[in-house]
Amino acid sequence: MAATGNEEQTLLPDIEEEAEGMEREMESEEEEEEGMGVEHSEEEDEEDTSEDERENEAEIQRLEEQLSINAFDYNCHVDLIKLLRQEGKLHRLRKARQKMSELFPLTEEIWLDWLKDEIRLTEDESDREKVYELFERAIKDYVCPEIWLEYVQYSIGGMGAQGGIERVRSIFERALTAVGLHVTKGASIWEAYREFEIVILSTVQPPPGSVPSQEQQELLNAQLDRIHTLFRRQLAVPLMDMEGTYAEYSDWADDGVPETVTHQYRRALQQMEKCKPYEEALLVSETPKLAEYQVYIDFEIKEGDPARVQIIFERALAENCLVPDLWIKYTTYLDRQLKIKDLVLSAHERAVRNCPWTMGLWKSYLLALERHGADHQTVTDVFEKALNAGFIQATDYVEIWQSNLDYLRRRVDFSKEWSRELDELRAAFARSLDYLKQDVEERFSESGDLSCTIMQIWAKIEALHCKNMQKARELWDSIMTKGNAKYANMWLEYYNLERSYGDATHCRKALHRAVQCTSDYPEHVCDVLLNFERVEGSLEDWDAAVQKTETKLNRVNEQRARVAEKEALLARQEEEKAEHRRKAKADKKGQKKSQKANRTGDKRKAEDECEDEWGEDAELPFKRLRGEEDFGCTTTEELMETESGLFGRRAPPQRKTEPPGFRKNQQGVPEPQDLSKEQRKDENSVFVSNLAFNLEDPEGKLRTLFGGCGTVQQVRLVYTPKGVFRGYCYVQFEDRLAVPEALKLDRQEVDGRPMYVSPCVDKNKNPDFKVFKYKTSLEKHKIFISGLPYTCTKETLEDLCKEHGTIRAIRLVTNRSGKPKGLAYVEYENEAQASKAVQKMDGTMLENFTLSVAISNPPSRKMEDKAAPSRILGAVMQRQPQGARGKGRTQISLLPRSLYRQSAPDAKAENGTISAPHATVTDGVHGGPGTASLDTQTKSLSNEDFARMLLKK
């Protein structure tokens with residue numbers, strides 16, 4: 001809770017003066033030491049120390065300047081306090097803590113450090129009172145057993161003062177009320193309270209051998225009753241290690257444990273057994289444990305004990321103070337169940353201090369203040385703070401203004417013709433409109449109130465309560481001039497207002513204007529006007545209404561006809577463009593086929609050899625005439641393109657007989673399966689790629705792998721002309737319901753490589769079909785990590801990231817061979833956890849690698865950048881042209897070395913992608929995805945250019 005102005009002025013002034021005096025003494029001692037002659041080593045130590053002090057002082061000044069620019073930088077406050085405490089700058093440290101406590105609730109660690117520093121400086125009773133005030137502020141931020149325990153222990157030190165014992169007991173009772181039900185830490189408060197009372201008992205006991213007086217005996221009995229009562233109260237509460245407390249009470253009580261206490265203890269023990277699974281889940285889970293706390297809260301709400309519900313909420317909020325939904329759930333429970341003013345308002349105030357950007361919390365706070373009878377000035381102050389909270393949407397400001405206007409309206413007594421509250425309400429309405437128009441529009445480029453809801457409410461209040469229809473009409477005129485005149489519902493709202501509180505003349509005028517201006521539902525407005533004239537109007541009014549509505553509807557129908565004609569024209573143009581694209585594509589495909597058929601030289605010889613080895617014309621001579629048709633190869637190519645589906649790769653050619661001398665590879669190539677085109681169903685099939693070329697018995701493995709998805713009808717493997725498995729195939733099922741199950745096997749490892757499974761879609765029929773499993777848009781709950789060592793495993797990454805929140809999924813990015821790329825995606829439960837992970841992990845080191853962490857926001861994929869054939873999923877490197885004997889041509893580069901270009905620098909890892917380097921020429925052959933052939937250069941070189949390069953020295 002933020003300190004008030006009086007608290008700021010009176011906070012430990014004497015201790016501040018003492019701290020300043022101590023600092024001056026320390027500085028004077030340092031000056032004396034500098035003036036003394038000391039050994040050389042001591043001088044070096046002092047120089048090192050002074051150098052560190054100068055660096056720290058520079059950092060302190062930098063942090064203070066940063067806070068002067070942005071006072072709401074939480075981490076900057078924490079760093080400044082840490083440095084000032086390290087340097088012993090007590091006066092500046094106290095000011096820094098004070099400033100931070102005014103803006104934010106402080107954590108348990110910060111409060112304990114502050115309290116311990118102030119306790120060490122306490123000397124007289126006046127100083128102790130200031131520390132008591134500091135403790136009172138500390139216990140209001142969060143419910144922390146450690147702070148309460150420190151409070152009661154500090155109060156015990158002042159028990160010697162007048163009324164000190166009663167003050168200690170009062171603080172103990174408040175601590176029990178606040179944290180006595182804490183299952184794991186509440187027992188420490190109970191035990192400290194008992195120990196305190198036992199010490200008091202020792203002071204009232206008479207000396208051994210003496211007979212106590214009646215007054216002494218009464219004091220002794222009263223003290224014994226207090227201790228018995230504490231034992232009984234504690235044993236009725238489910239806490240950890242209850243058995244030890246019960247055994248201690250059994251030993252301490254002379255007459256044994258009463259039956260009623262035993263019965264209460266057993267009930268508490270049963271309750272503890274119910275809570276134990278939830279407590280164990282909290283012990284083994286990682287911070288912030290939000291999901292575990294949610295389950296625990298639901299359990300306690302179902303049990304129905306409000307005090308226990310409150311303590312579990314407080315425990316959850318201490319570790320999840322920046323989760324608005326948890327605060328909303330807590331304050332809603334308090335508003336509906338406990339309804340205790342101090343408790344409810346304290347929770348609401350802490351909620352808006354922790355999550356000031358959440359409009360719903362401010363709205364609930366205003367309602368709670370009104371519900372519990374807070375004074376008008378307090379409600380107004382809270383509303384002004386809400387306006388300065390920095391909401392993230394324009395509509396949030398509209399809602400908070402509506403809440404304030406509702407509150408002000410409920411204060412007005414409309415039975416009086418005039419009141420100060422009514423003037424205040426009208427002024428608030430006018431101010432809200434100005435605020436939305438100026439402040440909100442300047443920040444968000446919109447007012448957030450497109451339908452002018454606030455002005456509608458104001459107009460209705462003026463008409464209903466104030467009987468001021470003139471003001472209401474002025475407001476509605478303003479509403480219509482803000483772009484709402486084209487909407488039928490807005491005119492009907494105005495018409496209903498006039499119908500209820502106005503007269504027929506203004507109703508008719510409103511409907512005529514509505515017919516003229518409405519563009520979304522003109523028929524409905526025309527019907528309302530005609531029905532109104534049937535009830536209210538004369539014949540002249542009816543004729544005017546009919547004429548106006550007919551004119552309007554005719555004009556509307558003409559406009560619709562023009563729009564329909566324009567849409568039809570655009571549709572025809574799109575069809576013509578599509579037909580033109582299809583025709584151009586077919587022509588281009590025919591040109592490619594003709595080019596393949598007319599190839600000469602070594603390429604033609606390689607094809608001839610292929611035909612000799614696989615085609616039907618195996619008995620023909622080796623060399624063919626140029627004009628000879630190759631029907632067998634053409635038929636095979638057409639079949640390959642139909643078979644290729646998504647990726648357009650060649651299938652094994654159909655053959656009747658094997659040529660003499662043909663040898664199968666060692667794994668054995670299965671015979672092609674005779675399945676007609678009509679029997680092949682793409683909707684029942686999946687495309688499997690990225691398999692190893694040397695995979696043993698691929699058909700058998702794939703049948704076993706996909707057998708759990710459904711009955712496999714066929715596995716169509718794709719081979720090269722030489723019988724080598726290409727690494728991809730088609731799996732066809734008897735039932736299409738097996739396809740979704742098969743798609744779930746995508747990315748599953750097969751012989752150390754991730755297997756890609758995608759729908760079987762013919763790219764010729766669906767050229768724009770894309771399959772990408774992961775989102776390519778901004779995901780605020782997911783982080784992207786680059787710079788990981790290649791040896792990093794999923795378990796290592798999980799251990800690194802789980803301390804920042806609950807992890808839903810981890811994905812290590814690999815290449816086609818299954819080797820890691822040094823990239824990963826980690827998905828958290830919510831945005832707050834992901835943001836925390838980015839702040840904590842970005843720039844950290846892992847195995848001498850610097851990690852780069854950011855919110856997942858992959859770059860947009862450009863449709864025009866088509867992937868090269870060698871980049872397509874499941875594809876292999878382009879086959880080199882063959883010589884006359886079937887061997888690959890020589891790969892010796894005939895390009896002059898002076899034309900070689902340096903390889904592009906390593907691609908920089910971006911979020912989700914690796915940007916391709918510029919095209920390079922490497923040794924005259926294709927170097928993979930990041931290279932390009934020479935003829936892909938944008939500018940060709942002339943003979944003179946070549947000569948200049950060769951002669952260059």
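**Before you start**

The model is predicted, so local features need pLDDT of at least 70 and side-chain atom pairs count only at pLDDT 80 or more, while totals for chains, interfaces and linings use all residues. Residues are numbered from 1 along each chain as its sequence is written, and side-chain values use heavy atoms, with hydrogens and water left out.

**The whole chain**

Colour by secondary structure, and you will have 34 helices and 11 strands to look at. Both kinds of element are DSSP runs numbered from the N terminus: helices are H or I with at least four residues, strands are E with at least two. Of the 953 residues, 37% count as buried (under 20% relative accessible area; exposed is over 50% and partly exposed is in between, with a 1.4 Å probe and protein chains only). Among contacts with a separation of 6 or more, 62% link residues 24 or more positions apart (contact means heavy atoms within 4.5 Å).

**Stop 1: helices H4 and H6**

Select 74–87 for H4 and 108–120 for H6; they pack at about 30 degrees with their axes 12 Å apart. This makes H4 roughly parallel to H6 (angles under 35 degrees count as roughly parallel, over 145 as roughly antiparallel, 65 to 115 as roughly perpendicular and the rest as oblique). Axes here are lines fitted to C-alpha atoms, for helices over the stretch in contact, and angles run from 0 to 180 degrees between N-to-C directions.

Now show side chains: Tyr-74, Val-78 and Arg-85 of H4 meet Ile-110, Asp-113, Asp-117 and Arg-120 of H6. By class, this contact has 3 nonpolar, no polar and 4 charged residues (Ala, Val, Leu, Ile, Met, Phe, Trp, Tyr, Cys and Pro count as nonpolar, Asp, Glu, Lys and Arg as charged, and the others, Gly among them, as polar).

Staying in H4, pick His-77. Is it buried or exposed? His-77 counts as buried, because its relative accessibility is 2%. Leaving out residues up to four places away in sequence, His-77 touches Leu-67, Ala-71, Lys-99, Met-100, Leu-103 and Phe-104.

**Stop 2: the five-stranded sheet**

Next comes an open antiparallel sheet of 5 strands, ordered S2-S3-S1-S5-S4 (two strands pair if DSSP finds at least two bridges between them). S2 (712–719) and S4 (748–750) are at the edges with a single partner strand each, so one side of each has no neighbour in the sheet. From one strand to the next, the twist averages 30 degrees.

Select S1 (685–689) and S5 (753–759), which are joined by 4 bridges; Val-688 has Val-757 as its bridge partner in S5.

**Stop 3: the four-stranded sheet**

Finally, find the open antiparallel sheet of 4 strands with the order S7-S8-S6-S11. Its edges are S7 (807–814) and S11 (852–856), each with a single partner strand, so one side of each lacks a neighbour in the sheet. The twist averages 20 degrees from one strand to the next.

S7 pairs with S8 (820–828) over 7 bridges, and Thr-814 stands opposite Pro-820.

End on S6: 6 of its 8 residues are buried, so S6 is largely enclosed by the rest of the structure. S6 pairs with S11 over 5 bridges, where Glu-779 has Ser-856 as its bridge partner. S6 also pairs with S8 over 5 bridges, and Lys-782 stands opposite Glu-827 there.
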